[in-house]
Amino acid sequence: MNKLLTIAVPAYNMELYLKRCLDSILLPKLQNSLEVILINDGSKDNTLSIARHYEKQYPEMLQVIDKTNGGWGSAINCAIQEAIGKYFKILDADDWFDSKALVDFVSLLENIDVDLVATSFSYEYDSQESKNDIYDIQLCDRPMLFREYLRIRNCDAHLPMATVTFRTQILKANQIHVCDRYYADIDYILTPLLFIKTIYCSQINLYKYYIGREGQSTSIAGYNSHIDDFLTLCKKIISFYGENFERMQKDIRQVYLNNILGIVRFSYYLLMSPTYSGSKVESLFKLKDLDETIKEKSAELYKLSNRIKIRKVIPYIYVWRKTGINLLKLRK
């Protein structure tokens, strides 16, 4: 049976959150429209047994894939390969959907035909009120060319992972294969944009993004533990940009530049700042390797990264390239 929407749920040690996640999407009224693929990425807790229990209850909707641990991105790559829905959306297992909004979203998908659907979302906290991120009504409720969308937003795409739903064929036909481990969500958001022609924005507040779970990768400790994964992401995105630069139209090229410069900026900061890994001996070797990669893959990015500054005045990357002096160490 053809499905309208595939929801990929990557899960690793999510026994505390998985029921909330699955209860929000496994709605009997949507069984003919939804395909839910839960990828258990080598969990060591009861994640798999909980998932299997739900799979028995909802065999028409839920498929559980049990695999050895390979990282968030490896789970997404697995789901893309298996997906049969017309559209593809990710829901992390510690997050959830607003169930009523999901019904409205499926109804919307039945009546549009675009490459990318961008829905609104909210940040959810344990100790404070939710914070909504809602698309401007002027962008919403009409299909538009992606170039028009970028022009209106001055090439600020504003497409966090929580908002994006891709046409599945875009991912399959262009062999989208994201980095296996941490920060692969950046790869997943950015890489497919080269192939997007049409977009539809909606104020439907679908995704509930949970902030504050212990062990999330966006903490200082998380970045220090997974710095190699971030560098892998950085090099992959730079290589993709360098290989596809000539086929990019001006607006999408600017989107990539804006995002990649942010990734490059933080990569250098991770390797140079004592707050992160700047005091480790091996960081200097990684820094030189990253620098050579950028220089080789994109002379444009290399030149632009010379302008990256601290305190809005000091081009610390340029100074390091010319003198070998790490100004971020001197600030400690």
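Predicted model: local features only at pLDDT ≥ 70, side-chain atom pairs only at ≥ 80, totals over all residues.
The crossing of α10 and α11 is left-handed. The axes of α10 and α11 come within 9 Å and cross at roughly 160°. An angle over 145 degrees counts as roughly antiparallel. The two helices, α10 and α11, are therefore roughly antiparallel to each other. On the α10 side, the contact is made by Val 264, Ser 267, Tyr 268, Leu 271 and Met 272. On the α11 side, the partners are Ser 283, Lys 286, Leu 287, Leu 290, Asp 291 and Ile 294.

Now take α11 by itself. The helix covers residues 281-297, 17 residues in total. At 1.5 Å a residue, α11 should span 24 Å; its end C-alpha atoms are 26 Å apart, which agrees. Its buried residues are Ser 283, Leu 287, Leu 290, Asp 291, Thr 293 and Ile 294. Seen down the axis of α11, these fall within an arc of 160°, so they line one face of the helix. The face turned away from that buried side carries Val 281, Phe 285 and Glu 296, which are exposed. What covers the buried residues of α11? The cover includes α9 (227-244), α10 (250-272), α12 (299-305) and α13 (316-323).

The axes of α10 and α13 come within 11 Å and cross at roughly 60°. That angle makes α10 oblique to α13. This crossing of α10 and α13 is left-handed. From α10, the residues involved are Arg 265, Tyr 268, Tyr 269 and Met 272. They meet Tyr 316, Ile 317, Trp 320 and Arg 321 in α13. Tyr 268 and Met 272 of α10 also belong to the contact with α11.

Between α10 and α11 runs a loop, and Ser 277 lies in it. Is Ser 277 buried or exposed? At 1% relative accessibility, Ser 277 counts as buried. Leaving aside neighbours within four places in sequence, Ser 277 is in contact with Asn 224, Ile 227, Leu 270, Leu 271 and Ser 283. Among these, Leu 271 and Ser 283 also take part in the contact of α10 with α11.

Turn to the start of the chain. Helix α1 covers residues 18-25, and its buried residues are Leu 18, Cys 21, Leu 22, Ser 24 and Ile 25. Down the axis of α1, they fall within an arc of 160°, so they line one face of the helix. The cover over the buried residues of α1 includes the strands β1 (3-11), β2 (34-41) and β5 (96-97). It also includes the helices α2 (47-57) and α4 (99-109).

Several loop residues complete the tour. Arg 142 sits in the loop between β7 (131-133) and β8 (143-145). At 30% relative accessibility, Arg 142 counts as partly exposed. Not counting residues up to four places away in sequence, Arg 142 touches Glu 148, Ile 152, Ile 199 and Tyr 200. Arg 142 and Asn 326 are 184 residues apart along the chain, and their C-alpha atoms are separated by 50 Å.

The loop between α5 (146-152) and β9 (164-167) holds Asn 154. Cys 155 is found in the loop between α5 and β9 as well. Asn 154 is not a glycine, yet has a positive phi of about 55°. Phi of Cys 155 is near 65°, again a positive value in a residue other than glycine. Asn 154, at 65% relative accessibility, counts as exposed. Cys 155, by contrast, is buried, with a relative accessible area of 15%.

Note on methods
Residues numbered from 1 in each chain as written. Heavy atoms only, no water. Helix = DSSP H or I, 4+ residues; strand = E, 2+ residues; numbered from the N terminus. Expected span 1.5 Å × (residues − 1). Buried < 20%, exposed > 50% of the residue type's maximum accessible area, 1.4 Å probe, protein only. Arc of directions from axis to C-beta. Contact = heavy atoms within 4.5 Å. Axes fitted to C-alpha atoms, helices over the stretch in contact; angles between N-to-C directions. Parallel < 35°, antiparallel > 145°, perpendicular 65-115°, else oblique. Left-handed = near helix turned anticlockwise from the far one by under 90°.
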